[in-house]
Structure formats: C-alpha cells, structure tokens
Amino acid sequence: MQLNRIEFSGHFEEEEVLRRETLNLIVPENDLEEELLSWAILPLPQNIQDDYARRGYLFTYALGHYLGNGLYVLRVDCRDASGGSHSAEMAAGIVVSATTPAKNRSRGFTPFWFLKKSLHFKASQHSISEAYGGACFGILRFGSSDNLPHRRLFGAHAATV
C-alpha cells in the first residue's frame, strides 16, 4: 500500500469554520488490498433512521466501486417522510494519522467521507447537488448521525423536490 497526500479545504462535519487539512489516504496496490480497504471503510450497508433532525427519513449508506488514488464511491440513498426517494454519491477513503503514545500505536486508520465535486459527487436531483453548501468532510462513523453527510444533502429540499 502507498499513501496519497491530498490538500482538502472545507467544513469538517457540522462545523461552521472552514478548515484546510493535509490528509494521507491509503492507496491499494493490488486487488486484494483494494478489497481489504473497501471492507475497512464500510463492510456492509448501514441504515440510519433515528436522526432527530430528519424524522421519518431512512438513509442507507453503501460503498461502491474503487475510484482510484485511495478513494471509493460512497452512495447515500434517502427515503423521505413522504415516501420519495433521492440519492447522492461522494468519495470515501481511509485516512492515516499519528496517534498519541497512550494508544501504543504510531498510526491510526480512520474511514472518512469527502463531499467535493472535484473528488466525486453525483446527485439524483439538481436541487440536492446545489444544497450541500460547499466542500465538506468527516469521519464515517455510525452510531450518531451528527457526523454524517446526509444532513447537508437531504434537508428541506428532499421533501419538496
């Protein structure tokens, strides 16, 4: 495996402040490593239906094909409260970072999502594409929906499209 250094400027999760970060992505060098990284990012589709900010919505996150340079397609499907369906695709990858000595490891490996048109972004409706408000990124962690991108993508527009 290799590292791909990317310069990313955007909002981190739900923060209002714009950040500039240098991130190291793991890049697979063969099919086995490609599958291993895919599994490490998101082994199975994940459903979110208990988001207090989007009551009555069901969001499904699933990993798609490998894009290159350590990035994979992350697809988010949304079924809104009225039964309408919407979707968007963005990029995801594994970010390598230094850890503290207390963790007994020199590096940490964290799945991230990236919402930026130049990396990969497709939406089922133009209004969703325009609603995201600029580049953003975050940790792909389930258990709390506060850090996931569906809030930026499927807000008030989803029910009215």
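Modeller: Here is the chain, and we can go through it from the overall layout down to single residues.
This is a predicted model, in which local features need pLDDT of at least 70 and side-chain atom pairs count only at pLDDT 80 or more, while totals for chains, interfaces and linings use all residues. Residues are numbered from 1 along each chain as its sequence is written, and side-chain values use heavy atoms, with hydrogens and water left out.

Biologist: How many helices and strands are there in the chain?

Modeller: The chain has four helices and nine strands, where helices (H or I, at least four residues) and strands (E, at least two) are DSSP runs numbered from the N terminus. Read from the N terminus, the order of elements is β-β-α-β-β-β-β-β-β-α-β-α-α. Of the 161 residues, 46% count as buried, with buried meaning under 20% relative accessible area, exposed over 50%, and partly exposed in between (1.4 Å probe, protein chains only).

Biologist: And what does strand 1 pair with?

Modeller: Strand 1 (residues 2-12) runs antiparallel to strand 2 (residues 18-27), and 10 bridges join them; two strands are said to pair if DSSP finds at least two bridges between them. Within that pairing, Ser9 stands opposite Arg20. The two strands form a hairpin with five residues between them, and Glu13 in the turn has a positive phi of about 50°. Strand 1 also pairs with strand 9 (residues 136-139), this time in the parallel sense and over two bridges, with Phe137 as the bridge partner of Phe12.

Biologist: There's a histidine in strand 1, His11. Is its side chain buried or exposed?

Modeller: His11 is buried, with a relative accessible area of 16%. The His11 side chain reaches the backbone oxygen of Glu15 at 3.3 Å, and a polar atom of that side chain lies 3.2 Å from the backbone oxygen of Glu16. A polar contact here is a pair of N or O atoms within 3.5 Å; within protein, one must be able to donate a hydrogen and the other to accept it, and residues adjacent in sequence count only if both atoms are side-chain atoms. Leaving aside neighbours within four places in sequence, His11 is in contact (heavy atoms within 4.5 Å) with residues including Val17, Cys136 and Arg152.

Biologist: Switching to helix 1, which residues are buried there?

Modeller: In helix 1 (residues 31-41), the buried residues are Glu33, Leu37, Ser38 and Ile41. They lie on the same side of the helix because they cover an arc of only 140° around the axis, the arc being that of the directions from the helix axis to the C-beta atoms. The face turned away from that buried side carries the exposed residues Asp31, Leu32, Glu35 and Trp39. At the start of the helix, a side-chain oxygen of Asn30 reaches to within 3.1 Å of the backbone nitrogen of Leu32.

Biologist: Which residues have the most contacts inside the largest nonpolar core?

Modeller: Those are Ile41, Tyr61 and Leu74, in a core of 26 residues; a nonpolar core is a set of buried Ala, Val, Leu, Ile, Met, Phe, Trp, Tyr and Cys residues joined through side-chain atoms within 4.5 Å. The elements that give two or more residues to this core are helix 1, strand 4 (58-68), strand 5 (71-79), strand 6 (85-98) and strand 7 (107-115), and strand 6 gives the most, with five. A second, separate core of 13 residues includes Ile6, Leu25, Phe137 and Ile139.

Biologist: How many disulfides does a search of the whole structure find?

Modeller: The search finds zero disulfides, a disulfide being a pair of cysteine sulfur atoms within 2.5 Å. Cys78 is buried at a relative accessible area of 3%, and Cys136 is buried as well, at 0%.

Biologist: Last one: where is Gly70, and what is it in contact with?

Modeller: Gly70 is found in the loop between strand 4 and strand 5, and it is buried, with a relative accessible area of 0%. Apart from neighbours within four places in sequence, Gly70 is in contact with Ile26, Val27, Pro28, Ala92 and Gly93. Gly70 and Asn4 are 66 residues apart in sequence, and 7.0 Å apart in space from C-alpha to C-alpha.
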